[in-house]
Each structure stands twice: as C-alpha cells, then as structure tokens.
Amino acid sequence: MPVKLQIKKLCKEFPGVTALDDVSFEVEAGEVHGLVGENGAGKSTLIKIISGALASTSGEMILDGKPFRPMSPRESLNAGIAAIYQERSWLPFRSVMFNVMLGNEMSLSAGRMDSRGMRARCAEVLKTLGAEEIPIGSNAEELKAGQKQILEIARALVQNSSLLIMDEATAALNSEEQEALFSVVRSLKARGLTILYISHRLEEIFRLADKVTVLRDGRRIKTMPISETNKDQLIADMVGRSLANAFPRKNPAPGKPIFKVRGLSADKVFNDVSFSLCSGEVLGIAGLAGSGKEELGLCLFGAFPKDAGTITINGKVLPHSPAKAIANGIAYLPEDRKLEGIFLTLPVKRNISLPVLKKLSGAFGRIRRRREDDLAREWTTRLAIKTPSLMQLCENLSGGNQQKVALAKWLASRAKILILSHPTQEIDVKVKFEFYQLIAELSRQGVAIILISSELAELRGLCHKIMVMREGEAVATLDPEKSDAETILRFALGHEKQAATP
Amino acid sequence: MKVSKPKLYEFLAENGFIIIFILWCIFLALFTDSFLHVSNIMVILRQASIIGIVAIGETMIVLMAAGMDISLAAILGVSGVMVASSIAGGFAVLPAALAGIVLGGMIGFLNGALVTRVRINGIVVTLGMMYALEGVAFVATKGQTISSPAMQALAPLSRGYLGPIPVPVLLLFAAYTIAYYVLNYTVFGARVYAIGNNERASWLSGININRHKMLGYLVAGLLAGFGGVMQTARMGSATGGMGSEFLFPILTAAILGGISLNGGKGKIQNVLIAAVFLTTINNGLILLNVPIYAQKIISGVILILALSLDRLRSVRK
C-alpha cells in the first residue's frame, strides 16, 4: 500500500519541555494505525501538529507524497485531514445539522444558506454512519454522549476527509455505543479512509488497528503490525524502564495513621473510596485519564463536592471546605499550576508567604517585610528555586521553578498532609529528580503525602503503597515492591481484578 | 441534563421579560388615558427605532462572545456630530449622512482590529473608545449645539411617513428583517452562532474567527453611525453629548432580549421586543408623571432583573 502520511524527525518544544523528540513513522493508506503511550507521551501534541492546531519546532511531514506543513486547521482540513479531539467540540445550543456541517455550510447565491442541501447532506452522512435515529433538528446538548461523538465523526465525513484522526473517541461512551463506533470505524476503513486511532484502551487497538506505534516520553519507541505484538509487550513498551534506579530511598518507618477516608463518593466521578494514611507515608494514586483520581484529590482538599463519606484527621471529622482543610494542615498542589497553583503576576516572595501572611503581619494588618523576606529566602534556598530576586514575578520563572514555588507556599505554612496532583508534569528531568528527593525528605520528616500521578515509574519509586483507580473505583491497593509497572497498568486498564483490597 | 426542569420554569427563563412587558402594558392601559392611543404607540416605536437598530450590532458582537461593545452610543454621538457639522459646513444632506455612517464603520473596524489583532479584551477596547469619542464629540462641537436650517432636509428620516407608517418605524422593521435573515438564513449567521457556541471547535473546523469578529464590529459601527444620522434628523441638531443617553438602552436591549453574555444563544426578534419594551418603560413612567431620577432607578432595576434571567438561562444542570 502507498504511504499516506510520513512523519520525519518531528520535534516540538514547549518552554522547558520537549513534547516530541525526533519522531518518525509512516502511516499507510487505508490502514487503521493505532497510536499508544502513557499520558504525556506526546500523542496529543503529535495529532495537533498533524491537524494544524500546533506548529512543529522542526522536522517534516509528507502527505500523499507532498511536503505538508499546515499552519492552521483550515489548511489541514483542505488537505483531507479531519481530527476528532478529546475536548468537547460540539455546539451545545445549535442543531445537529449545524453541528455536522460546521465549517462546511453550503450556500446558494450571495451567502444564502442552502438549508435543504445541508439537511440532505447531513442525513446522508448520518446514514452512512448508521445513525439515522439522531434527530437533525435537535440541539446537540440534548443528545446522548455517544450521539455527540457521532456528530464529530459526521463532521469529519462531510469534509470528505481521507485521513481521520480519532483521539480517545470512546472515552465518554458506554459499551454499546463503543461497539457501534467500532463498526463505524470498520466501515470507514472499508471505504478507503486512513485512520489514526489513539486510545489508552488497548483492547480497542487490538480489535481495530492494523499497525501500532508506541510513544514514550516524546519519543517513538516502536512501530509494528499489531499481529506481531501482544498486550503485555505493548504495555512494557509504553512503560519503559529507564528511570528505575533514580529514586531516593523511601522513609523506612512511617508513623501512626493520621488521615482516614471512609466511603468517599462523588456522583458519577468516583465511588466508595476508602483508605488511611500514616504520617511520613507516601500514598500513590494511579489511574488513567477519566479514572477520577484528580477529582478524588480535589475532594480530599474539600474543593470537589462529595455525596457521601467522611474524612477524619487525627480522629476528628474534617468539614468539607478548602479553608477548613488548610486550617487542619492539609495542602493541595494542583495539576494546572498556572491556573490554580501560583499567582503568575505576583512576586515569588508573596506567592510563598500568602497562606501565612496573617502570621507575618503586625498591627492593622501591616505586613512585616523583613519577616516575609526571611521566610521567602529560607524556602527559595531550601528548594533551590532559581530566581534572580524575591521580587521576580512568577510568570518569568521556568515551569519547574514555578512548581517549586507552588510547593514552597505549602511547606512554609507547615502543612502536615500534602496532596500532590501530577507534580512533575511538564517540568524537565533535572527538576523532576529534585522533586523526588524533596518528596522523600518530606516524608522522612513526617509529612504524609498523597501523590496523584500518571507516571508509573515515579509512583513505584516514591510510594509506600499505590491505590489504583479505574472508572471511579479504587480497584486495588498494591505494594510497589511486589508489583511492577505492568501489573499496575493492568489494574488501571481493567485487565486484572483484585478480590479484596487490603 | 440530569434533572428535567418544569416547562413553566424554562418558559419563564426564556421569555420572562415578555411577560413583564405584557403586564406593564396592561397596567399602563388601565391607569393612564393615553397609553393605547395610536399616536402614543407610534411615539414609542419611533423612539425605539434608533435603540433597536443599533442594538442589532451589539447583538452580533455578544452572540460571538466577542465581548460587549460599550462604544456604540459614543459612535452614534460622533457620527451625529459629523453629519450635522458637514451639513452646517455646506455639504449636501446625502454625502453628509454617508460620511456619518462611514465614520461609524471606520471606528467599528478599529474596535474590531484592536480586539482581534492586538487581542485586547473587547469591553476594555470599547470602554476606552467610548471615552475618547465622547471627548472628540465635545471638542468638535466646542460644547455648542450644531444646527443649521439646511438640516431640515434630514427631517423626513425622522418625521416622514410612508403611507400610514412613520419612516423610522419602517427602517426599524426593515433592519430587523434583514438581521433576522442574515442570522438565520446565511452561512455568515450560522457561523456567528457557531463561534459563540464553541470558538475553539469553530477554529478547528477551519472557520476564520477573526474575520467574523471584525465583521461584527464593523457592522455594529456602521449601524451606530446610521443611528447617529437618525438621531440628528430627529433633533434637527447635534450636540457633543447626544450619544450618552443611548449607552444604557443599547446594551440593555441585547441583554434583556436574551442574548446570552456567554455567546451563541438568543434570538434577534427578542432584541426588537426588548428595545420596544425599554422605550415603553420610559414612556409609561412619563405618562405616570414619575420624576426623571426615579425613572433611572427603575431602568437600572430592570437591567439587573434581565441579567438575573440571563443567569437562570445559563444555569443548566
């Protein structure tokens, strides 16, 4: 078969991070090409470059034998590439017809819309997809999740695309809807379309793909026919083993339980989660995107509504609010540090002093500058935060140093329980390892840590135990000394079940 | 999506202001003598015409979630001054009126360029523009009223009749017919709604977001310029502050008419009804002999009520 899309030495750098590093592979015309990798492996970045939503830093692409460098989604669409993104991309208050025809509205003369033609084309495409039951006149918000997904595929078909990119297309679908989507994918393939299929559900890859490419840490690890690999091999390729020995020694003797969670539930996000945490212990929470682990972390901090369950700290029930959590020595390091973790337009020192500002102030709320400076200096030194001065605005710091500032804030307030949500995401390797040292050191000092992460190596290297979440359930609690990364991933993917969690 | 709301609640959230409007009309019909007179109704429609026409541009901008144009009333003011001083300076009426409209369009274009190219928040851009234009209008008029006998030639635009219908009322309905058509039956209109619904998805579908927003601001500027011509015709003169009384009703008409401030939702015909409602409030309060400052209080309360309805609309789940 001829090559549809050739990717050659593609690189993408973000400030402080290399998202794609010299990636090359080929997609043949008419095949379903699976693309797999852990979170942060570079899948999303790659498809954004192919679909014109991002520009690559270097490298090239060749589409149908011709150099291809889309500068906007429009150019990519014109070249016959349509992408179905993970993000919600329907128009909630517009009818199915307008959703499907978005960007391809048909006109008669003088911009007059050809409603009849559009309706017919929309119906035709829905029929091809076997989705005649979707009412063309209804607004998108009234549809079921599976039907909304169909809208996006229909939009791609209207464009007469020859290459379709599907990014986690089944994430929001129930099993029946998934089956329907699979048959759609097969029929599209039968019609000669090339499909780049991204999914973290490996069984889908094995059912649909002809070939599969594995990405890890922004690099292409392997491209091979699906028949030449199996699930275990694929998981091993995704996980890798490069960082195994780089972790500091764990705190050998965690203390007494201080933090207990019983039957914590949040409607449709996570359900009946229980665990306890000792001082000086590091608990990892693993799970795929959509497993509910991030929301659980927020909920522990009182920042995500709960339906049921109790959280006790030193035997006392913790009221459900961030303010009360902070008052009880709980700190939360959010996943999106720029949005939630730090104040970009405040200086480093104020970012650090903010939670304890009251304690640093004198009469009439006057901030005692000397004490604030001392505090900020102490923590910038201890965490080796690289900043030209304490007055530097956080927006001018690198990602890793921003993350350190976000953490310093809580350390300065002497938090006893730290909830870290993806603390090493999008920071470079060197700072990553500084973070690992820091986590180990804090735990030796008796700080209890909950580490939410998608990086199995770091969970295994740092945690005393790992709770695995899958679709809102805590499916297993594993001992990292006895369970390798593949076992963890198996639980996360649902390939293995644990009878009773210890 | 989970909880199905009662139909009545939904109806009120969508059309609440229309019910308030009807109740207000019944109240006025009962407690004043002249409200239902044809002549009074024509007065209301005539007054609603300028607000209504300019509110179309506001509606387009809000529909695209491109901000909110606060400068339209000020554009109306400088355009009016432009028209009046051109005529006073010896120009014929038609080129003078065109100059006013073109000036409005140019300012709208500049607003659009600042929003889409320089990427300044739309509210901030137009707030600054409003302030600057008010200054320009006063400088240009030196604080005086600009008037000349030649301006009588503009009068038909305000006092003229076509059959039994006043010209401004005719213009109002013509403008809304066109706007209704454009928003509902053209590709451009479909994309205006699409952008307001989901800008990123629209961009990823190859729609040129900036071009549409530019056009929105441009059309809003042109219509505000036209509003300036109409207001000059109505007063037979122009002053530096002639735009300021329109600031409030233009914004309120769009919001009260149910154009969601989050974009993508709302019907242009309801903006027309809202514009008429707003003038009816003033008209009624005058008929009831309510002092001018109390009128302001009531108008302000109505805007907040309208925003509460917008909130009801956008609270889903």
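Reply: Start with strands. Helices (H or I, at least four residues) and strands (E, at least two) are DSSP runs, numbered from the N terminus. Two strands pair if DSSP finds at least two bridges between them. Now the case here: strand β19 (residues 465–470) of chain A is joined to β20(A) by five bridges, and the two run antiparallel. Across this pair, A:Ile466 stands opposite A:Leu478 in β20(A).

Me: Where do these numbers and letters come from?

Reply: Residues are numbered from 1 along each chain as its sequence is written, while chains are lettered from A and ligands numbered from 1 in the order in which they are written. This is a predicted model: local features need pLDDT of at least 70, side-chain atom pairs count only at pLDDT 80 or more, and totals for chains, interfaces and linings use all residues.

Me: In the hairpin of β19(A) and β20(A), which residue takes a positive phi?

Reply: The general idea first. Most residues other than glycine have a negative phi, and most peptide bonds are trans. In this hairpin, which has two residues between the strands, A:Glu471 takes a positive phi near 45°. Look also at A:Lys268, with phi near 65°. A:Lys268 sits in the loop between β11 and β12 of chain A. Another case is A:Arg414, where phi is near 60°. Its loop runs between α15 (399–412) and β17 (417–421) of chain A.

Me: Is A:Lys268 buried or exposed?

Reply: Count C-beta atoms, placed from the backbone. A residue is buried if 20 or more others lie within 10 Å of its own, exposed if 12 or fewer, and partly exposed in between. A:Lys268 is exposed because it has 10 other C-beta atoms within 10 Å. A:Arg414 has 11 C-beta neighbours inside 10 Å, so A:Arg414 counts as exposed. A:Glu481 has 10 other C-beta atoms within 10 Å, so A:Glu481 is exposed.

Me: How do I read a whole sheet?

Reply: Strands of a sheet pair through backbone hydrogen bonds, either parallel or antiparallel. Read the order of the strands. One open sheet has four strands in the order β12-β11-β14-β15 (chain A), with antiparallel pairing. Its edge strands are β12 (270–278) and β15 (316–317) of chain A, and each pairs on one side only. Six bridges join β11 (residues 257–266) of chain A to β12(A). There, A:Ala266 stands opposite A:Phe270 in β12(A).

Me: Which order does the open sheet of six strands have?

Reply: The order is β6-β7-β8-β3-β9-β10 (chain A), and the pairing is mixed. The edge strands are β6 (81–84) and β10 (219–225) of chain A. From one strand to the next, the twist averages 15°. Angles run from 0 to 180 degrees between N-to-C directions; axes are lines fitted to C-alpha atoms, for helices over the stretch in contact. β6(A) and strand β7 (residues 163–167) of chain A run parallel, joined by four bridges. The bridge partner of A:Ile84 in β7(A) is A:Met166.

Me: What is a nonpolar core?

Reply: In soluble globular proteins, nonpolar side chains tend to be buried together. A nonpolar core is a set of buried Ala, Val, Leu, Ile, Met, Phe, Trp, Tyr and Cys residues joined through C-beta atoms within 7 Å. The largest one here has 231 residues, and A:Ile419, A:Val468 and B:Val54 have the most contacts inside it. Helix α2 (residues 38–63) of chain B gives the most to this core, with 12 residues.

Me: How does α2(B) lie against helix α10 (residues 209–235) of chain B?

Reply: Their axes come within 8 Å and cross at roughly 170°. That makes α2(B) roughly antiparallel to α10(B). Here is the scale: angles under 35 degrees count as roughly parallel, over 145 as roughly antiparallel, 65 to 115 as roughly perpendicular and the rest as oblique.

Me: How many residues of chain A are in contact with chain B?

Reply: Two residues are in contact if their C-beta atoms, placed from the backbone, lie within 7 Å. By that rule, 20 residues of chain A are in contact with 19 residues of chain B. Helix α2 (residues 73–78) of chain A gives the largest share of chain A's side, three residues.
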